[in-house]
Amino acid sequence: MSALAYLDPNRFRRLLLRSVVLPAVLGTLLAGLLFWEVRQLLRADEAADRSDAVLAQAVQVRQLLIDRETGLRGFLLTGDARFLEPYHASGARLPEALGRLESLVSDSPDQRARLEELHRRRAGWESFSDEELRSFRDGGNWLKLVVEGEGKRRMDSIRQLLDELASVERERANQRGALAERQARMVLWGGAAWLLVLGALLAWMGRRQLVVLSDDYESLLEQAQAQANALRASEARLEQRVAQRTQELTVANRELESFSYSVSHDLRAPLRAVDGFSQALLEDEGERISEEGHEHLRRLRAAATRMGLLIDDLLRLSRLSRAELRQEPVDLSTLARDVAEGLTRGEPGRDTTFDIAPGLAARGDARLLRVVLENLLGNAWKFTSQRSGARIELFAESQDGRPRYCVRDNGVGFDMAYASKLFSPFQRLHRPTEFPGSGIGLATVQRIIHRHGGDITAEAVPDGGATFCFTLEESHP
Amino acid sequence: MNGSERPILLVEDNPDDADLTLRAFKRAGITTPMDVARDGVEALDYLHGRGAFAARAGQPLPVVVLLDLKLPRLDGHEVLRRIRADARTRLLPVVILTSSVEDVDLVRGYGGGANSYVRKPVSYTEFVEAARQLGLYWLVLNHEPPSVPPAGTAG
């Protein structure tokens, strides 16, 4: 499992944006359309209001014209000047009323044209009625003018024009109203349809995004689950492997045990036979065997004895490797003094000084550390045997804050070129006739030191003494 | 008590070791007869007078059993266990005489009720000395438990 379960944040942002932006755009379009339609409706309403105003104004203008005509006619028929009052009053108000009408139809060219025509016709009627009044005042034949009906015709054409203007305006208002209504209906239905489509679109898109997200989520979940499974599987594999290794180790240990058991038991028996029967030969046939034969038999027995010792040492080494390691406070000084005493007792006549630093406290397996000191001090004792004024020291120094214990002697030493062989079993740097030993002591020492988690080093100069220093892993700081 | 006539039983599968042990005892001046069983089954047959040792039925038990541990068929520990489990042989002195000084064997040997545990030295000279001391100890110095009469015989 290489890639971890991972959701691309950009992809997620894009999805979110799409599901927000599209509905927003569509909604804005709908809002724009509705706004536009409301404006259209307002405009239609406005136009209808204006048409009403135009119609009302047209009625007023018409009334003023009628007032003017009836006022003039009444005056002409009666000669009463009171009849002229409405004639003058309406004459004074007419320009304003016409002006207002003109401003109301200013946006419509055909109505404006009609108004201009109206102005012209009215001007015609005004000049004719002025002529009638003049003729009446001058005592001319005004009646003829009236009877001929020229004034009435002119006024009728004006009214007809006004009627036409009103009817066009009414027609237009109707048309506008109908259009606005149609548009409103269209927008209403269109909006509803739009909303429906928008809703459907939103639902579809929402569903699609949800499906995509849920797919993503599911694939993520699957990935995570696969990873968890793989993790569990590898954990199980690891555990199985550990169990298998432990099993193998147990088997190997058991094999080793049975091996050393047979070594201790079976390898010794032939040696006993060699030694025993050599002795039997000496005892039974001793007189018939030559001097040389006696020497051969002696060597045979010495070799068998020596091999027995080697087997013992080998077994001790193997036992040390298998023995359980105890951790206890150990007083190395006391141990060393004990070992030194034993050595001195064994060879009382020797001129050798032991200089053991007091209070060397360590932590480890006392039994095994005793073996270490027995070997190191024993070696020092052995290799100083030909020295007068021999001196063997045990002291501690600090290395990286950890104590390092050293055994130093002024014995025969050894060539550092062979130092690497020192700690291998059966490796010897001296001839057995010079210094006896199986060559397994330092291998044993190193095994014990390593089992404590420490290390051992040696330094020497030929004929200048040797120093062996070791550390022990300490569990307390 | 006619101790000198009762034999010593040596349980040893290796003929070299058996011969050398016999010789060592002879050299040490021990005249007590020595019988040899070649494996654990033979040892038990000998003690109970059955199988190849049917002729020994009713004979008194040996003074002491010198028992090797590594044996064909039944090993020494098992032989010791059966000796101690049987009422007739329960108190029979048994000396383990073996090459092994493995802690396991020592613990199992003493745990199984061995009266002594002696390691066979490689050096024959030492072996003769060991045989001498063993003979002196078990035949002369040591007091046996009162003998249990063999089943079915009148003491």
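Modeller: Two strands count as paired if DSSP finds at least two bridges between them. The model is predicted, so local features need pLDDT of at least 70 and side-chain atom pairs count only at pLDDT 80 or more, while totals for chains, interfaces and linings use all residues. Residues are numbered from 1 along each chain as its sequence is written, chains are lettered from A and ligands numbered from 1 in the order in which they are written, and side-chain values use heavy atoms, with hydrogens and water left out.

In chain B, strand E1 (residues 8–11) and strand E3 (residues 65–67) run parallel and are joined by 3 bridges, strands being DSSP runs of E of at least two residues and helices runs of H or I of at least four, numbered from the N terminus. B:Leu10 has B:Leu66 of E3(B) as its bridge partner. These strands belong to an open sheet of 5 strands in chain B, with parallel pairing and the order E2-E1-E3-E4-E5. The edges are taken by strand E2 (34–37) and strand E5 (116–119) of chain B, each of which has a single partner strand, so one side of each lacks a neighbour in the sheet. From one strand to the next, the twist averages 25 degrees.

Helix H1 (residues 15–27) of chain B lies across E1, E2, E3 and strand E4 (94–98) of that chain, at about 165 degrees to E2(B), where angles run from 0 to 180 degrees between N-to-C directions and axes are lines fitted to C-alpha atoms, for helices over the stretch in contact. Helix H5 (residues 124–141) of chain B also packs on the sheet, touching E1, E4 and E5 of chain B, and its direction makes about 170 degrees with that of E4(B); contact means heavy atoms within 4.5 Å.

The axes of helix H1 (residues 9–78) and helix H2 of chain A come within 8 Å and cross at roughly 160 degrees, which makes H1(A) roughly antiparallel to H2(A), the label for angles over 145 degrees. The crossing of H1(A) and H2(A) is left-handed, that is, the near helix is turned anticlockwise from the far one by less than a right angle. The residues of this contact of H1(A) with H2(A) divide into 16 nonpolar, 6 polar and 5 charged, with Ala, Val, Leu, Ile, Met, Phe, Trp, Tyr, Cys and Pro as nonpolar, Asp, Glu, Lys and Arg as charged, and the others, Gly among them, as polar.

Note on methods: Angles under 35 degrees count as roughly parallel, over 145 as roughly antiparallel, 65 to 115 as roughly perpendicular and the rest as oblique.
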